[in-house]
Structure formats: C-alpha cells, structure tokens
Amino acid sequence: MTIARWLGICVVLACGVACRNVGQPDLTVAAAANLTGVFAQIGQAFTQQTSIHVVFSYASTAQLGQQIENAAPFDVFAAADTVHVDQLVSDGKILPESRVVYARGRLALWDPHDTVKKLYDLTEPSIRFVAIAKPEAAPYGEAAVESLKSMGIWDQVQPKVVYATNINMAKQYAATGNADAAFTAYSLVQNERGHVIIVDEKLHQPIDQAVGIVSASSRKADAKRFVTFLTGKEGRAILEHFGYQVR
C-alpha cells in the first residue's frame, strides 16, 4: 500500500467518525444537583447497554426549569420534585405522557467533624453556620427549612443559615469549613466521613422526584429509552444503592 493510499483511507475514516458524531449528538439530561453521583453510574450503565452517550447538566431544579422555559437544548429533565416538571408540562415544555416519578429522595444533615449527633444540636452556640440550599430554588432546601420549623427550632437556627445555590454547594460549604453542618441529599453523603443524620420524613413533605422528556428535543426516541432505563430494573437498583426510595 502506498503512503498516498494509506493517507486517503485515514482521511475517509476520520470523515466517517466526524460525520457519525455530527449525526448523533450526545443526549443531554438536565439533572437536579442531588443526582450527581447516582446519574454518573446510571449514565455509564445506559451507554453500555444502548451505545447512546449522555451528557448531564447539574444545577438546582428551579435553575434547570427556568433554562428549559427559555428553550435550553435539553432532551430530558430529571428534577428533585414534581412541581417544576408539572409546571413545564402545563407550559407545553415537557411531554405530558413522559412525566413519571422515578424516586423519592432522602434529606440528610451532614457534619464532617462528627460533633452534631442530633438535629437539636444545631441550636448549640458551638454550631455557628448551617448550610442550606435556597428553599425557593432547591426542593431539598425547602424540606430542610420545613423540617426545622416542624421541630420548633427554625427561629434559633435561622440566624446561622448560609444559603447555597444548590445542595452540592451546601455540601461543599461544610466540606471546606465554611459551615459546621449542611442539609443535603443523603445520596451525596452516605459514604462521607463524619456524621450523617437522615431527617425523619414526617418532618417535611415527601421529596418525590419526577422526570420528563423536553417537548423541543430532537432525540425523543433516545430520551424515551433513557427514561425507560431510569425507571426500569437496572435504574431502580442503582437509585436504591444510592439511598433513594423507588416504587
């Protein structure tokens, strides 16, 4: 084989790869911040089974919902509640038939220094800062405030609260010492050092999490395959492994 012919074959192969990538863009999933760890595994398992590559965009549920309202090019929206998905269904941004609750989340308080043994300890003078995701943006933040109010200690804890844009950031505040403890998703801290307290579900409204396919998606068939995988046997097993409750 001559060098010229070999180079020609390489060019054809390279063009073929480029064309395939252009013709099959990544499936894009807007995912609530609490899903960071679990969706990394679900995405990997889904790609292995289907050869469809997935790119995740993590942020607070409210932020992602607003982006979809403003025509962000997502294919799937996995929220940390049902309210934002239902609103997008009403606005015609999410396909109604695709909306399904895929998991129930668990709220947890994480203290990396292992000094907070119970939620009432947050009222102690030694606890100076408590990180909570903004309640108006993050369902887990809303559940945290609701829990503290249910316990009758919100007025004592509120002056100590530092608000984060999402629960990943709330966790980061505690991890870096900018907060003594943080309310976050149990899935994000179940294997972390320190002390983790799972908040009693009776203290707040259930954190049911819904998913739906974006109406403007150009890859609805692949998006449907992702939602089916998420709610199927393999997806449910991974969700349970990360501490989520599935139906």
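The structure holds seven aromatic pairs. The model is a predicted one. Two of the pairs are described here.

**Aromatic pairs**

A pair of aromatic rings is described by the distance of the centres and the angle of the planes. The table gives both values for each pair.

| Pair | Centre to centre | Angle between planes | Class |
|---|---|---|---|
| Phe-39 and Tyr-102 | 6.5 Å | 45° | tilted |
| Phe-46 and Phe-226 | 5.3 Å | 85° | edge-to-face |

Take Phe-39 and Tyr-102. Phe-39 sits in helix 2, residues 36-50, while Tyr-102 belongs to strand 4, residues 100-105. The pair therefore ties together parts that are 63 residues apart in sequence. Are these two residues buried or exposed? Phe-39 has 0% relative accessibility, so Phe-39 counts as buried. Tyr-102 also counts as buried, at 3% relative accessibility.

Now Phe-46 and Phe-226. Phe-46 lies in helix 2 and Phe-226 in helix 9, residues 220-231. This pair therefore links parts that are 180 residues apart in sequence. Phe-46 has 1% relative accessibility and counts as buried. Phe-226 counts as buried too, with a value of 0%.

Five strands form an open sheet in the order 7-6-8-5-9. The pairing is mixed. Which strands stand at the edges? They are strand 7 (161-164) and strand 9 (195-198). Each has a single partner strand, so one side of each is left without a neighbour in the sheet. From one strand to the next, the twist averages 30°.

Strand 7 pairs with strand 6, residues 130-133, in the parallel sense. Four bridges join the two. Within this part of the sheet, Ala-133 stands opposite Ala-164 of strand 7.

**The largest pocket**

The volume of the largest pocket is about 210 Å³. Its lining has 13 residues. Closest to the centre of the pocket are Asp-81, Pro-139, Glu-142, Gln-205 and Pro-206.

Which element supplies the largest share of the lining? Helix 5 does, with four residues. Helix 4 (83-90), helix 5 (139-151) and strand 10 (207-213) each supply at least two residues. By class, the lining divides into six nonpolar, three polar and four charged residues.

Note on methods: Residues are numbered from 1 along each chain as its sequence is written. This is a predicted model: local features need pLDDT of at least 70, side-chain atom pairs count only at pLDDT 80 or more; totals for chains, interfaces and linings use all residues. Side-chain values use heavy atoms; hydrogens and water are left out. On a 1 Å grid over the protein atoms alone, a cavity is a set of points where a 1.4 Å probe fits but cannot get out, and a pocket is an open set with protein on both sides within 12 Å along at least five of seven lines; lining residues have an atom within 4 Å of a point. Grid points are joined across faces, edges and corners, and a volume is the space filled by probe spheres set on the points. Ala, Val, Leu, Ile, Met, Phe, Trp, Tyr, Cys and Pro count as nonpolar, Asp, Glu, Lys and Arg as charged, and the others, Gly among them, as polar. Rings of Phe, Tyr and Trp (its six-membered ring) pair if their centres lie within 6.5 Å; planes under 30 degrees apart count as stacked, over 60 as edge-to-face and the rest as tilted. Buried means under 20% relative accessible area, exposed over 50%, partly exposed in between (1.4 Å probe, protein chains only). Two strands pair if DSSP finds at least two bridges between them. Axes are lines fitted to C-alpha atoms, for helices over the stretch in contact, and angles run from 0 to 180 degrees between N-to-C directions.
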